[in-house]
Amino acid sequence: FPQSLALAAENSGQGGWSGVLTDAHRQTRIEDVSAVYYRRPGPFRLADGLDDYERRWATQEARMGFGGLVAALPVQWVNHPHRMAAADYKPVQLAVAARYGLTTPRTLISNEARAARAFVAAAPDGAIFGGSRPRRLPMRAGPSAVSTRSAHLGLVGAGGVGVPVHLVLDRTPAVGAQLLQRVKAPLDSAHAGHEPGSAVG
């Protein structure tokens, strides 16, 4: 969108949207959509020849118009873009994880090299650091990923810490691994009680 996807949608004033999405292969009635799988969509495909200001404006309009329309659909989402945006903040992720009983690492958010050095020096099993938002960033030579790597005193302040805000964490088991273990434990117990040949009563 918008180069290879056409949109025509109307709201009758009753709250719901209807209309058609059309590409080179098919038409889709908006009101017929029942579920949306949303995961890391690519950038909007804008017309060539736009200057930087026009491109920023067109991107914003596409996000608010097309993105707003899709987000308003009363359908099953995996996952809703507004929920994903809210969960995209690492400080929020850590606070919510701790609230639900997961063990979260001791964490520093800082752009001061001195604070980062002190934090790394006090980490009993080492530390890691990286960006506070795990996303691919647009670079002049093409997209580039923000990596997470081991932090040591020689690395801190070597041109990395001091420009943006960095996130530094104690090296501990990942929260995702804890979640997986919590999900697997009851499933393993259920399977153990229903092995082939066991009595079910």
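Me: Leaving aside neighbours within four places in sequence, which residues is Ser34 said to be in contact with, and what makes that a contact?

Reply: In this predicted model, where local features need a pLDDT of at least 70 and side-chain atom pairs count only at 80 or more while totals for chains, interfaces and linings use all residues, Ser34 is in contact with Val75 and Gln76 once those neighbours are set aside. The word contact requires heavy atoms within 4.5 Å. Ser34 and Pro74, 40 residues apart along the chain, have C-alpha atoms separated by 7.9 Å. The numbering starts from 1 along each chain as its sequence is written, and side-chain values use heavy atoms, with hydrogens and water left out.

Me: Why is Ser34 called exposed?

Reply: Its relative accessible area is 59%, and since exposed means over 50%, buried under 20% and partly exposed in between (1.4 Å probe, protein chains only), the value falls in the exposed class. Ser34 sits in the loop between E3 and strand E4 (35-37), where helices are DSSP runs of H or I with at least four residues and strands are runs of E with at least two, numbered from the N terminus.

Me: Why is the pair of Glu31 and Arg29 called a salt bridge?

Reply: The closest N and O atoms of Glu31 and Arg29 are 2.6 Å apart, and the term needs a side-chain nitrogen of Lys or Arg within 4 Å of a carboxyl oxygen of Asp or Glu, so the pair meets the criterion. Side chains of opposite charge can pair when their charged atoms come close. Glu31 is partly exposed at 39%, and Arg29 counts as partly exposed at 37%. Searching the whole structure gives 1 salt bridge.

Me: What makes the nonpolar patch with Tyr89?

Reply: Tyr89, Val92, Val96 and Tyr100 form a nonpolar surface patch of about 430 Å². Patches are made of residues with over 30% relative accessible area and no salt bridge, like charges being joined within 9 Å and nonpolar side chains (Val, Leu, Ile, Met, Phe, Trp, Tyr) within 5 Å. Tyr89, at 56% relative accessibility, clears the area limit and also counts as exposed. Tyr89 lies in the loop between helix H2 (81-86) and helix H3 (90-99).

Me: What is remarked about the phi of Arg40, and why is Arg40 called exposed?

Reply: Arg40 has a phi near 45°, which is positive in a residue other than glycine. Most residues other than glycine have a negative phi, and most peptide bonds are trans. Arg40 is called exposed because its relative accessible area is 63%, over the 50% limit. Two peptide bonds are cis: Phe1 to Pro2, with omega near 0°, and Val78 to Asn79, with omega about -15°.

Me: Where does pLDDT stay under 50, and how many contacts does the model have there?

Reply: The confidence score pLDDT is given by the predictor for each residue, from 0 to 100. Its average over the protein is 76, with 65% of the residues at 70 or above. Residues 136-148 stay under 50, with 18 contacts beyond four places in sequence. Residues 197-201 are also below 50, with 2 contacts beyond near neighbours in sequence. Where pLDDT is low, the predicted coordinates should not be read in detail.

Key
Accessible areas come from the Shrake-Rupley method with a 1.4 Å probe; for residues, only the protein chains shown count as cover.
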